[in-house]
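Reader: I have the sequence and the model open side by side. Could you take me through the parts worth a look?

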Amino acid sequence: MLRELFFVAASLLAILTALLTVTRKNPIYATFFLISHLISIAILISTLKLYYLSAIHILVYTGAIMILFLFVVMLLNLKEEELEKDFSIHLKLLYTLAPISVMVIIVGQLKPQDINLSKLSQLNVISFENATKALFDKYFLAFEIVSALIILAIIGSILIAKKKV
Amino acid sequence: MKEFIEHLYNELEFLEGLPFIIPFIIGSFILAFIIINFIAVFAGVCTYIERKVAARIQARVGPYMVGPHGILQWLADALKLLFKEDTVPEKADKLLFKLAPFIVFAGSFACWVALPLAPAFSPARLNIGILYIIAFGSSVILGILMAGWASSSKWALFGAMRSAAQIVSYEVPTGLTILAMLLITGTLDMHNTIAQINLDGTISGGQSQGLPFPLNYFSTNADNFSAGMFSWYIFRYPPFTFIAFIIIYICALAETNRVPFDIPEAESELVSGYHTEYSGMRFSFFFLSEYANMFVFSAIITTLFLGGWLPPFNITGSLLAPACGIILYMLVKGKTTDPANRFIAFCTGAGIGIFLGVLSGDKNYWFADYLGIQSLRFIEGLFWFFTKSFGLVILMMWLRWTIPRYRVDQLMELCWKKLTPLAFINLFCIGILEWLYK
């Protein structure tokens with residue numbers, strides 16, 4: 001009961017903060033709403049009893065990535081004029097219609113019996129032990145390849161940035 | 001905590017008809033209320049002790065007027081902060097400015113929930129305890145950045161920037177060191193970390209025993225109380241675990257913005273960093289969170305290295321009481337000739353010995369039977385956990401008045417060029433030792 005309540009509240013909060021993120025003009029506010037969006041996603045994950053994933057989510061996103069975002073945005077310190085650059089009415093229309101149409105398509109796929117919140121309480125806990133076993137046993141190769149890929153991406157982005165300087 | 005409320009719910013008859021959620025929510029609120037007040041009092045007492053430590057080091061007296069030996073000074077300070085005018089700078093971003101202290105405080109308050117305060121007791125027993133604390137501990141930076149930016153003052157902004165850079169950097173060696181210790185403990189659950197230490201110093205899974213109602217809540221692997229300090233994780237693989245302890249202690253100083261790493265609040269450069277523009281109650285929230293954070297880090301170190309709630313020695317009170325009595329008698333002997341005074345000194349020493357004996361887990365005292373061994377363990381555990389953690393906090397205060405401040409570049413160099421490689425080597429060595437000896 002409580003779990004379902006938190007699930008619905010967290011999902012509504014996630015949608016609301018995501019909307020607020022893309023509609024803010026001030027980038028600092030947008031970043032803060034993005035952070036609250038990520039936190040509400042973490043709450044959503046923890047209502048599914050995936051506590052390990054939820055803690056990792058907060059640790060990685062709000063603890064590291066978003067702090068760097070905030071850092072950069074604050075260092076850039078955008079001027080008021082730059083913030084008030086406005087979009088044309090066509091672009092505004094496009095930006096509103098596109099996500100709405102995507103949402104309609106996704107929601108249209110759902111059947112009424114899919115929305116069954118009581119399934120939430122029947123979920124099994126994915127523990128830290130099981131997650132690590134999956135990562136370092138069954139999917140070990142994939143895991144290592146992904147980490148190598150990320151390092152390559154970092155090196156690549158540094159290279160691209162250096163050419164411009 | 002949930003288990004405790006469940007016990008109460010099952011045992012108390014007048015709760016029969018209610019759904020479990022209601023007593024659960026009420027119990028959680030009561031506990032949160034207790035903890036939040038405890039943190040406030042704890043931080044207050046810490047400020048008093050810090051001032052006294054500073055005074056001692058600088059050969060002064062320190063606060064002396066309010067109460068005996070100035071012991072109520074912190075209450076007077078809190079009252080002053082409460083009645084101070086609450087100012088908000090005109091150019092500040094009002095919403096974020098007002099929100100920031102609460103986020104900082106909530107970040108450090110959330111960490112307290114997972115601390116293993118006593119055997120089988122913490123406000124919420126989490127399977128992912130240490131991970132949870134690291135995750136929520138890092139949300140303090142969010143509030144600091146918010147405060148720094150919203151103040152629209154260059155001092156505050158620079159302070160916040162430095163603080164964020166410092167905390168994010170120092171999380172790397174902290175994480176690596178915690179990882180090295182997790183190789184040894186093999187669990188993220190902070191209770192199991194301690195409960196799995198056996199009587200002979202080996203490690204296994206903890207268990208609980210069947211006991212009558214309120215006592216069974218405190219049941220744990222009670223016998224490991226006489227395991228002694230050499231069963232602690234700091235003595236597991238001697239040189240490497242010591243190095244790990246020193247690395248994580250330095251990182252704790254940096255992450256709580258304490259001297260010698262108090263660059264974000266350097267008075268001589270930045271007025272007082274990210275909380276320059278704050279006054280009154282809002283300022284005191286930053287203050288509270290700093291002391292709460294110091295305790296949380298000390299508690300993590302205590303759990304991972306210093307055996308958490310386990311007592312450090314295994315000497316029976318029967319030996320300890322006369323030993324303490326004789327020591328005190330010898331100390332007093334040269335200073336007084338009055339035999340009555342000497343006798344009082346001996347009795348006091350013996351009393352201290354008995355007290356220490358009880359705390360070290362001697363089952364032979366009469367009140368051990370009266371209280372039940374499990375609740376005795378609970379009190380002991382609480383005492384030793386707080387003593388160890390508080391000892392580390394006092395060491396932080398001592399360092400503050402001993403060591404000069406680092407420069408920003410020196411700070412970053414220490415983190416990335418010295419501590420991080422050292423932590424990596426340490427992790428490697430502990431991994432190999434664990435592989436060889438497990």
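Reader: What volume does the second largest pocket have?
Author: Bear in mind that this is a predicted model. For the second largest pocket, the computed volume is about 1600 Å³.

Reader: Which residues are closest to the centre of the second largest pocket?
Author: The lining of this pocket consists of 34 residues. By class, 24 of them are nonpolar, six are polar and four are charged. Closest to the centre are Y52(A), I56(A), L59(A), L131(B) and L179(B).

Reader: Which element gives the most to the lining of the second largest pocket?
Author: Both chains take part. The biggest contribution, nine residues, is that of α7(B).

Reader: How many cavities of 30 Å³ or more does a search of the whole structure find, and what volume has the largest?
Author: The search of the whole structure returns three cavities of 30 Å³ or more. The largest cavity has a volume of about 180 Å³.

Reader: Which residues lie nearest the centre of the largest cavity?
Author: There are 17 residues in the lining of the largest cavity. They split into 10 nonpolar, five polar and two charged. Nearest the centre lie I134(B), G137(B), E171(B), E255(B) and F297(B).

Reader: Which element gives the most residues to the lining of the largest cavity?
Author: In chain B, the elements giving two or more residues to the lining of the largest cavity are α5 (129-137), α6 (139-150), α7 (154-185) and α12 (280-304). With five residues, the top contributor is α7(B).

Reader: What is the volume of the second largest cavity, and which element gives the most to its lining?
Author: The second largest cavity has a volume of about 80 Å³. Its lining has five nonpolar, four polar and two charged residues, including V104(B), E255(B), N257(B) and Y274(B). In chain B, α6 and α12 each supply at least two residues of this lining. The largest share, four residues, comes from α12(B).

Reader: Are α6(B) and α7(B) roughly parallel or roughly antiparallel?
Author: The two helices pack with their axes 7 Å apart, at an angle of about 160°. Angles over 145 degrees count as roughly antiparallel. That makes α6(B), relative to α7(B), roughly antiparallel.

Reader: In which hand does α6(B) pass α7(B)?
Author: The angle between α6(B) and α7(B) is about 160°. The crossing of α6(B) past α7(B) is left-handed.

Reader: Are α4(B) and α12(B) roughly parallel or roughly antiparallel?
Author: Helix α4 of chain B covers residues 94-112, and its axis comes within 9 Å of that of α12(B), crossing at roughly 20°. In this crossing α4(B) passes α12(B) in a left-handed sense. Angles under 35 degrees count as roughly parallel. The relation of α4(B) to α12(B) is therefore roughly parallel.

Reader: Is N257(B) buried or exposed?
Author: N257(B) sits in the loop between α10 and α11 (267-270) of chain B. Although N257(B) is not a glycine, it has a positive phi of about 55°. Most residues other than glycine have a negative phi. With a relative accessible area of 4%, N257(B) is buried.

Reader: Is A59(B) buried or exposed?
Author: A59(B) lies in the loop between α2 (21-57) and α3 (73-83) of chain B. A59(B) has a positive phi of about 55° and is not a glycine. The relative accessible area of A59(B) is 71%, so the residue is exposed.

Reader: Where is I246(B), and how does it count at 49% relative accessibility?
Author: I246(B) belongs to helix α10 (residues 238-255) of chain B. Its C-alpha atom is separated by 10.0 Å from that of L419(B), 173 residues apart along the chain. Exposed means over 50% relative accessible area, and buried means under 20%. At 49%, I246(B) therefore counts as partly exposed.

Reader: How many helices and strands does chain A have, and what share of its residues count as buried?
Author: Chain A has seven helices and zero strands. Of its 165 residues, the share counted as buried is 23%.

Methods: Residues are numbered from 1 along each chain as its sequence is written. Chains are lettered from A and ligands numbered from 1 in the order in which they are written. This is a predicted model: local features need pLDDT of at least 70, side-chain atom pairs count only at pLDDT 80 or more; totals for chains, interfaces and linings use all residues. Side-chain values use heavy atoms; hydrogens and water are left out. Buried means under 20% relative accessible area, exposed over 50%, partly exposed in between (1.4 Å probe, protein chains only). On a 1 Å grid over the protein atoms alone, a cavity is a set of points where a 1.4 Å probe fits but cannot get out, and a pocket is an open set with protein on both sides within 12 Å along at least five of seven lines; lining residues have an atom within 4 Å of a point. Grid points are joined across faces, edges and corners, and a volume is the space filled by probe spheres set on the points. Ala, Val, Leu, Ile, Met, Phe, Trp, Tyr, Cys and Pro count as nonpolar, Asp, Glu, Lys and Arg as charged, and the others, Gly among them, as polar. Axes are lines fitted to C-alpha atoms, for helices over the stretch in contact, and angles run from 0 to 180 degrees between N-to-C directions. Angles under 35 degrees count as roughly parallel, over 145 as roughly antiparallel, 65 to 115 as roughly perpendicular and the rest as oblique. A crossing is left-handed if the near helix is turned anticlockwise from the far one by less than a right angle, and right-handed if clockwise.
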